[in-house]
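Here are a few friendly notes to read alongside the model. Please have the coordinates open as you go through the points.

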Amino acid sequence: MAELAEVPVDFLFTLQLHGAAQPDHVFVTTWGRRRETKVKGGTFSGPRLSGTVVEGLANDWGAVAEDGTSGIDANLVLRTSSGEAIFMTFLGRQDSSGRTQ
C-alpha cells in the first residue's frame, strides 16, 4: 500500500455564527429526522482573512439520531472584508451534551 503524503495545513479563521438553537423546519425522512436551521449572520476572523456571514444565505441541513446526536451539514456564504464572496460548506457532529466534533 502506498504511503500517504502529509498535507500541510494552516489556521485560516475562527467562525462565530448567530442564530436560533431551534430548527426552522423539521422533516421526517427514510434516513431519520432532518432539520433546517437558519443562521442569522455571524463573523469570521483570522490572520489573513476576515469578514461576515451573509444572513439568509447560511443554513444547516443536519439530521438527528435516536440518541440525540446531531449531524451538521452546513452551507454558508461568507463576505470578506474586501467584498469577495466565498461559498463554504462543512460537515460535523454534535453529541447530545452539545459537544461539537
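**Notes on the aromatic pairs and the overall fold**

1. Searching the whole structure, which is a predicted model, turns up 2 aromatic pairs. In one of them, F13 and F44 have ring centres 5.0 Å apart and planes at 50°, so this pair is tilted. F13 sits in the segment before β1 (14-19) and F44 in strand β3 (residues 32-45), so to speak a link between distant parts of the chain, 31 residues apart.

2. How buried are these two rings? F13 has a relative accessible area of 17% and is buried, and F44 is buried too, at 1% relative accessibility.

3. F27 and W61 make an aromatic pair that is stacked, with 6.1 Å from centre to centre and 25° between the planes. This pair also links distant parts of the chain: F27 belongs to strand β2 (residues 25-29), while W61 lies in the loop between β4 (50-60) and β5 (63-64), 34 residues apart. F27 is partly exposed at 36% relative accessibility, and W61 is partly exposed with 34%.

4. On the fold, the chain has 7 strands and 0 helices. Its radius of gyration is 16 Å, whereas a compact globule of 101 residues would have one near 13 Å. The C-alpha atoms fill a box of roughly 45 × 40 × 25 Å along the principal axes.

5. Of the 101 residues, 24% count as buried. The chain exposes about 7,400 Å², with carbon and sulfur atoms supplying 55% of that area. Side chains include 9 positive and 12 negative ones, and the centres of the two sets are 5 Å apart.

How values were computed:
Residues are numbered from 1 along each chain as its sequence is written. This is a predicted model: local features need pLDDT of at least 70, side-chain atom pairs count only at pLDDT 80 or more; totals for chains, interfaces and linings use all residues. Side-chain values use heavy atoms; hydrogens and water are left out. Rings of Phe, Tyr and Trp (its six-membered ring) pair if their centres lie within 6.5 Å; planes under 30 degrees apart count as stacked, over 60 as edge-to-face and the rest as tilted. Helices (H or I, at least four residues) and strands (E, at least two) are DSSP runs, numbered from the N terminus. Buried means under 20% relative accessible area, exposed over 50%, partly exposed in between (1.4 Å probe, protein chains only). The radius of gyration is taken over C-alpha atoms; the globule rule is 2.2 Å times the number of residues to the power 0.38. Accessible areas come from the Shrake-Rupley method with a 1.4 Å probe; for residues, only the protein chains shown count as cover. Lys and Arg count as positive and Asp and Glu as negative; His and the chain ends are not counted. The place of a charge is taken as NZ of Lys, CZ of Arg, CG of Asp or CD of Glu.
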